[in-house]
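Take a moment to turn the structure around on your screen. Then read on for a short tour of how the chain is put together.

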Amino acid sequence: MTANPQPIYFHNTETNRKEEFHSIEPGHVRMYTCGPTIYDYAHIGNYRAYLFEDVLRRYLQYRGYRVTQVMNLTDVEDKIIRKAQEQGKTIFEVTKPFEQAFFEDLDTLGIERAEYYPRATAHIPEMVALIQSLRDKGLTYEKDGSIYFRVSAFQDYGRLSGNRPDSLKPGARVDADEYEKEEASDFVLWKARKEGEHFWETELGPGRPGWHIECSAMSMKYLGPHFDIHTGGEDNIFPHHENEIAQSEGATGTRFVNYWLHCRHLLVGGEKMAKSKGNFFTLRDLIQQGNHPMALRYFIVSSHYRSPLNLTPEGLKAAHAAWSRIMDFHTRLREGLQSGKSGAFSNDLERAVRTSVQRFEEHMNDDLDTPRAVAALFDLIREANKILDAGPVERGQLQSVSDTLRRIDTVLGVIRPEEPMLDEEIERLIQDRQEARKRRDFAAADAIRDQLAARGIVLEDTREGVRWKRR
Ligand code: AMP
Ligand code: ZN
């Protein structure tokens, strides 16, 4: 981390300010991300949240941190239970295919895997223990077999969202997992068994957990009672994250999270994209309409996570054009390296590389300002293209431009890794190289060797012939 000593600033929802980031443990960031409710395909709005978290994770790694990220999979909740009842299925039969689809979508969008994906249904004992601990502290009450959190008993309620329990009417209580009422209400921790619903037999009686308790139980199980970053979309701030603070701090008596980061919504026609509004597109829909997954990724990651982003055909088209410029540049560098040509060292190119990396980092340090960070990359592309148009540059320098692009892309993640070469393809190229040598066209032979090297294939000329291996 000494290579870049500049501080990173994140906008903390809790203080509504940009704050300098310090991890609790040196060199290690522990972060929790509210994951999907796996009752249907996630829509591209959901993926805005997961992409913002992916860029956050990747940038922390770029800066040398080890990241431990936990993303929960909500596999028991009102909507899942309703669907199971409607379709005459178990909750597991409902969630299994969508869990698989979710992981496929993550791969399609190049979203790095978190370290843990805990499922709510596999953590019932942890949730029960947490509720028991809240009960022991007098923060709960029971009604008809369900257990509620008494928000007026938790002094700090409202710290994140500003929704304080001052105006709480006696008996204001919600049972629903999701509710949008902008006022503090006692919320359900444990729902009493209902006829026809999946339930667990526990020390709290038969029933199932509410949605909010799962994130407190699972984050603290994997990350400890106090960790660095908690993320989600802006709709998670209230009541979900407010309730998580109350449950976690209510039980442990210590600070739960240092930095709360929330992305703004992806919009359609100025409105939040949401399942309930019917104005959503899944990733699969958009790919079927001809969008390249990496252009979609670029569309989302090149906007600032704290600005609303409208999904429009023009926006997607512009994103595709910009992403293609990056890909063309990537290809140009690769072909330049494969050609084996080398020219003079360019001081201008050297300067352009240095400046763009410096600016990229400066902007990323400023609360992940990706629009400006991406602009710094385009400055490099413009300058480098101009210089390369005038003739080849020194090979080592070209390699360093290529390394810079790859390094920046460890954060943006928009350059699709190439498919590994097939054995037949490699052998055909080796054959071509042998033929080029026979006709004493050594430049062509070397170009083929470089081309293979760029794809990770190393050749060894032996008395018995050419051997190759994957690097
Ligand atoms: P859900 O499955 O509805 O709980 O949402 C999963 C994640 O997607 C949460 O972090 C939400 O905040 C986020 N999310 C939902 N809709 C949008 C949207 N339109 N734009 C950005 N994030 C969203
Ligand atoms: Zn959550």
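Before we start, one cut-off: a residue counts as buried when its relative accessible area is under 20%, and as exposed when that area is over 50%. Keep that in mind for the metal site below. Also keep in mind that what you see is a predicted model.

**The whole chain**

Let's begin with the big picture. The protein chain has 14 helices and 17 strands. Its C-alpha atoms fill a box of roughly 90 × 45 × 45 Å along the principal axes. Of the 471 residues, 54% count as buried. What about contacts along the sequence? Among contacts between residues at least 6 apart, 76% join residues at least 24 apart.

Now look at strand 1 (residues 9–12) and strand 2 (residues 17–20), which pair in the antiparallel sense over 4 bridges. Together they form a hairpin with 4 residues between the two strands. In the turn sits Asn 16, with a positive phi of about 55°. You can follow the pairing residue by residue: Tyr 9 has Glu 20 as its bridge partner, while Phe 10 has Glu 19.

**An open parallel sheet**

Next up is a sheet. Strands of a sheet pair through backbone hydrogen bonds, either parallel or antiparallel. Here we have an open sheet of 4 strands in the order 4-3-11-12, with parallel pairing. Strand 4 (66–71) and strand 12 (257–263) are at the edges with a single partner strand each, so one side of each has no neighbour in the sheet. On average, neighbouring strands are turned by 20° against each other, direction ignored.

Within this sheet, strand 3 (residues 28–33) and strand 11 (residues 227–233) pair in the parallel sense over 3 bridges. Met 31 has Ile 229 in strand 11 as its bridge partner. Helix 6 (residues 237–252) packs on the sheet and touches strand 11 and strand 12. The direction of helix 6 makes about 160° with that of strand 11.

| Strands | Sense | Bridges |
|---|---|---|
| Strand 1 and strand 2 | antiparallel | 4 bridges |
| Strand 3 and strand 11 | parallel | 3 bridges |

**The zinc site**

Which residues coordinate the zinc ion (ligand 2)? They are Cys 34 through SG, Cys 215 through SG and His 240 through NE2, at 2.0 to 2.2 Å. Along the chain, these donors follow the spacing C-x180-C-x24-H. The site links distant parts of the chain: Cys 34 lies in the loop between strand 3 and helix 1 (44–62), whereas His 240 is in helix 6, 206 residues apart.

Are Cys 34 and His 240 buried or exposed? With a relative accessibility of 7%, Cys 34 counts as buried. His 240 has a relative accessible area of 1%, so His 240 is buried too.

**The largest pocket**

Last stop: the largest pocket, with a volume of about 1100 Å³. It is lined by 41 residues, and the closest to its centre are Asn 46, Glu 178, Asp 235, Asn 236 and Lys 272. Helix 1, strand 11 and helix 6 are the elements that give two or more residues to the lining. Helix 1 gives the most, with 6 residues.

Definitions and conventions: Residues are numbered from 1 along each chain as its sequence is written. Chains are lettered from A and ligands numbered from 1 in the order in which they are written. This is a predicted model: local features need pLDDT of at least 70, side-chain atom pairs count only at pLDDT 80 or more; totals for chains, interfaces and linings use all residues. Side-chain values use heavy atoms; hydrogens and water are left out. Two strands pair if DSSP finds at least two bridges between them. Axes are lines fitted to C-alpha atoms, for helices over the stretch in contact, and angles run from 0 to 180 degrees between N-to-C directions. Contact means heavy atoms within 4.5 Å. Donors are N, O and S atoms within 2.8 Å of the metal (3.2 Å for Na, K and Ca); water is not among the atoms, so sites may look incomplete. Buried means under 20% relative accessible area, exposed over 50%, partly exposed in between (1.4 Å probe, protein chains only). On a 1 Å grid over the protein atoms alone, a cavity is a set of points where a 1.4 Å probe fits but cannot get out, and a pocket is an open set with protein on both sides within 12 Å along at least five of seven lines; lining residues have an atom within 4 Å of a point. Grid points are joined across faces, edges and corners, and a volume is the space filled by probe spheres set on the points.
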